[in-house]
Amino acid sequence: MLSFFLQKFAGRHHRKYVEKCRPVVARINEFEQQYQALTDEQLRAKTDEFRARLQKGETLDQILPEAFAAVKNAARRMVGRKVIVCDHELTWDMVHFDVQLIGGITLHEGRIAEMATGEGKTLVATLPLYLNALTGRNAQLVTVNDYLARRDSEWMGHLYNFLGITVGCIQQSMHSEVRREMYNRGITYGTASEFGFDYLRDNGMATRKEDQVQRDHFYCIVDEIDSILVDEARTPLIISGPAPIEREQPFQRLKPGVEQLVAAQLRLINRLVKEASDLLEKKDATPEDRSAAAMKMLQVKLGMPKNKQLLRLQENPEWRKLLDKTDVEMHSDFNKDELYKYKEELFFVIDEKNHQADLTEPGRTKLRPDDPDAFVLPDLASRFIDIEKDATLSPEQKEALKREAQQRYEVVSEDIHALSQLLRAYALYERDVEYVVQDGKVVIVDENTGRIMSGRRWSDGLHQAVEAKENVTIERETRTYATVTIQNYFRMYEKLAGMTGTAETEATEFNEIYRLAVTQIPTNKPCIRIDRNDSIFKTRRDKYGAVVKQIQEAQGRGQPVLVGTVTVEQSEVLSRMLKRAGVIHTVLNAKFHQQEAEIVTRAGQRGSVTIATNMAGRGTDIKLGEGVRELGGLLVVGTERHESRRIDRQLRGRCSRQGDPGATKFFLSLEDDLMRLFLQGNLASKIMEGAMQEGEELEHPWLNRSIESAQKKVEQQNFAIRKRLLQYDDVLNKQREVIYGIRNGALHNERPKDIIFEMIGEEVAARLESAGYGEKTEVTAASLESLVGWLNSHFPVSAKVEEIPLRGDFDAILQDLVGRIKKAYALKESVEDPAALGGLERYIVINAIDHHWQEHLTEMEELRRSIGLRSYGQKDPLNEYKSEAFRFFEELMNNVRLQICTSLFRSATNRDAFENLFTISRSARLQGPAAAPTALAAATQASAPAAAPAAAPAEEIKLPAVTIRRETPKVGRNDPCPCGSGKKYKNCHGAA
Ligand code: ADP
Ligand code: MG
């Protein structure tokens, strides 16, 4: 009863909107009357007139009636003309109906126009597209496939061209120059994924603004909006590719050593486990025996957590308890030293929970008897300071030494990481349990389902380690370069509109997620379609039997039938049955759009039988053949109710277009997925299930309604899931906006050095803070020294500890330091090729962003997966995700900043410029700043404070390497902690 009222109410609300449009429609038609007196030229001149009036400040709403009238009048003038659409000739026969004008107003207002199939939405879209294109900005229309984009742009293109508006379409195969040219036209047709990918390429990959193809995101109409925003939106668009090779992976090199180490550990463990079991099984075991046994068991657990003997011992509940108790006790702070002692009796220690494996002292010695420090991270910071302090070294020697130290650090840190992954691969990952080897590839086995997960890879080098272990080719990691969901792509438009035959059932979703209101537009002619009651059978077999019978009957009369199926498999099952019954038919699976569209146009011919999945031939009009009207029009047969009512409505809408006759009927069985769901917990239906006989048919209006309410429940669930997904996605979306914003800033700026200095300022500020320059903190000599060390190793500023006050105004100190860097940069600028410098600066920013952003995307994917696993805890996984994601993003921004700092003075436009700088700086040192007017002097004077003492020490310009690379090694969360603990950074000093 309530829903009945709601429907009435909803209907009234649509009617109200339509009534509100009536006067506008009347005005459009008045203008159109007047325009009939114009010549073609005069009508065409309207386009320029409207453009000019918009320029002068009139609004789109104000000129809407005239603009729509111009389009309608152009359509009228074209009637009878032959036009070519997708290589076929057809005759233009359309002039906008009043309801189509209302549809056009709806679309212009940024709503969803629900207009039944066959109402001519393609033509409706011409009105608002023309109007919005008058602004000079790109008006767009999204269709469901490439074929329709081409068809509609060519078809409607004749109308736009008549009015002097250019139109184009984007096709998958197009190169970027063509794409750009298409986006530059007044109106552009295309598919959601092409538009989305172009956006990603423009913003995430283009390195020059000339490579970008899209203009801004102004106005877009999405055709079949439900299928694009509801059905397809679940899969995001992703551009991915192989991860760049940064260095040679040390797996192969380390493998022999690890194998020996694992063998040695195995021997040790076997001995320990034997001793433990002997002690435990001793008849007169003393408490001392038991605790000795417990420690041995614990050692086994630390060394080889999956040891079979140990697992067997643990089957004895008493012994198991003993081990657990010892484990907990030994891990308390109190017993730290003792535990360390026990650990050091092993070669390596495995922490299963934290996915870590650490070498012990004996392990390190065994692996590299000649150099036990081979796997200890050097203390880079103090090494740098030592080098810096050494007065016997020339600046060049210092540089060389630093570079050497840094390279060694990188090698060692890579090695530690690879080693840890190899140890895990050998000790924890068993072939045919955790993974299988198939066709020379390591394939993960899902631990819960036992299913083989082809294509998935363990991250962080583990997969490569297992590949090394199994002697198969070590593959490169792939990396996500850019990703966006369809939803978020469309939310970027200033004005979004949509049209479809079926939006009403999803109105809440459109409203909540996209702020799009749905308006039902009445049909041009009353719809006379007959929707018969569903027929329900006990088994699927019975159902298909009845469907075949129905088809045969109709075909006997010559009535065309369109059969809708939910899946491709079902289409095939039915097709086989029809073949056996000798019924000629065609099957469409939404694979070959153009070809299938041509078949679907013929689905209304006498005697034809067409089987199609939901998407097949969508967007193509089914016209009735000769004499079919008298036979009752097209018969649409559904073979299963879909989860969503919308898809069922879509299928029904395939018939009875434009006042044609037609009928629809669904055949269901109690074995259908939806029916099984519907039967759950529904007493009446259980009784029904028990009472129903095979072959029996059931039919009642009451049943249709109950099934609909089951559908509604599923719809709500699915909506909740989509909404949840979107909430996750929002997090990354905001981050993408920030990153792409900076990236585009760099791309479109002639000289993006402001961005660079903003970043440097932030970095220096952060470093000042961590050095202790804050309200409540103290600066120590050591922290100041390391700050100065950092400054000097990144910028040629020759900062001295004495020059920087231990306390003082934070901003003043910051200004001073950044000022020095700017001054040094001005010096660099003076010797670089100014035209090339902008490009170099752009490269610095973009390179830093891309590198870290792509890494970030991969980490976010991992986070998303791992959060999914954590969701059984009490915490809300979304909140967990948000806060983790925030930390990741902060880290990302830090890394980007740091890389920019590192790159700025290590990049030169060319070798000459570099050499140039080198000579000048040397001569500068000799002559001092007050000497001859060299480029250097000019540069320094320009930025030096007026009161600079004349006898200031010569500017000493230290020139680091030309190549762009990291200086202080950046510590990734999964890298070993630089403190040398051998733990991952995120679990050690990097832990929040
Ligand atoms: P929809 O997308 O709404 O399902 P289409 O745009 O594919 O409908 O149009 C369906 C059919 O209606 C097409 O054959 C088209 O030529 C015809 N049509 C649309 N508008 C008109 C009109 N104003 N006058 C005559 N025929 C029209
Ligand atoms: Mg259409």
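Helices, of at least four residues, and strands, of at least two, are DSSP runs numbered from the N terminus. By that numbering, aspartate 432 belongs to the loop between α18 (395–428) and β11 (435–438). The model discussed here is a predicted one.

## Ligand site

The shell around ligand 1 comprises 17 residues, and the closest of them are Val95, Gly118, Lys121, Thr122 and Asp621. Helix α5 (residues 121–124) contributes the most to the shell around ligand 1, with 3 residues.

| Residue | Protein atom | Atom of ligand 1 | Distance |
|---|---|---|---|
| Valine 95 | backbone N or O atom | nitrogen | 2.7 Å |
| Glycine 118 | polar backbone atom | oxygen | 2.7 Å |
| Threonine 122 | polar side-chain atom | oxygen | 2.4 Å |

Taken alone, ligand 1 exposes 560 Å², of which the protein buries 89%.

Strand β4 (residues 139–143) and strand β6 (residues 187–191) are joined in the parallel sense over 5 bridges. In this pairing, threonine 143 has threonine 191 of β6 as its bridge partner.

Is strand β22 mostly covered or mostly uncovered? Strand β22 (residues 634–638) is mostly covered, as 5 of its 5 residues are buried. In a regular strand, side chains alternate between the two faces of the sheet. In β22, Leu634, Val636 and Gly638 point one way, whereas Leu635 and Val637 point the other way, and all are buried.

Strand β22 has parallel pairings with β19 and β23. Strand β19 (residues 561–565) runs parallel to β22 and is joined to it by 4 bridges; here valine 561 stands opposite leucine 635 of β22. Strand β23 (residues 662–669) also runs parallel to β22, with 5 bridges between them. In that pairing, valine 636 stands opposite threonine 664 in β23.

## The antiparallel sheet of 3 strands

A further open sheet consists of 3 strands in the order β11-β12-β13, with antiparallel pairing. Strands β11 and β13 (452–453) stand at its edges with a single partner strand each, so one side of each has no neighbour in the sheet.

Strand β11 pairs with strand β12 (residues 441–445) in the antiparallel sense over 4 bridges. Within this pairing, valine 436 stands opposite valine 443 in β12, and glutamine 438 has lysine 441 of β12 as its bridge partner. The hairpin of β11 and β12 has 2 residues between the strands, and in this hairpin aspartate 439 takes a positive phi near 45 degrees.

## Individual residues

Two loop residues also have a positive phi. Glutamate 224, which is not a glycine, has a positive phi of about 50 degrees. Glutamate 224 lies in the loop between β7 (219–223) and α10 (225–231). Its relative accessible area is 8%, and therefore glutamate 224 counts as buried, the cut-off for that class being under 20%.

Aspartate 432, likewise not a glycine, has a positive phi of about 70 degrees. Is aspartate 432 buried or exposed? Its relative accessible area is 55%, so aspartate 432 is classed as exposed, a term that applies over 50%.

Phenylalanine 348 is placed in strand β9 (residues 348–351). Phenylalanine 348 is buried, with a relative accessible area of 0%. How far apart in space are phenylalanine 348 and glycine 303, C-alpha to C-alpha? These two residues are 6.4 Å apart by that criterion, while 45 residues apart in sequence.

Methods: Residues are numbered from 1 along each chain as its sequence is written. Chains are lettered from A and ligands numbered from 1 in the order in which they are written. This is a predicted model: local features need pLDDT of at least 70, side-chain atom pairs count only at pLDDT 80 or more; totals for chains, interfaces and linings use all residues. Side-chain values use heavy atoms; hydrogens and water are left out. A residue is near a molecule or strand if one of its heavy atoms lies within 4 Å of it. A polar contact is a pair of N or O atoms within 3.5 Å; within protein, one must be able to donate a hydrogen and the other to accept it, and residues adjacent in sequence count only if both atoms are side-chain atoms. Accessible areas come from the Shrake-Rupley method with a 1.4 Å probe; for residues, only the protein chains shown count as cover. Two strands pair if DSSP finds at least two bridges between them. Buried means under 20% relative accessible area, exposed over 50%, partly exposed in between (1.4 Å probe, protein chains only).
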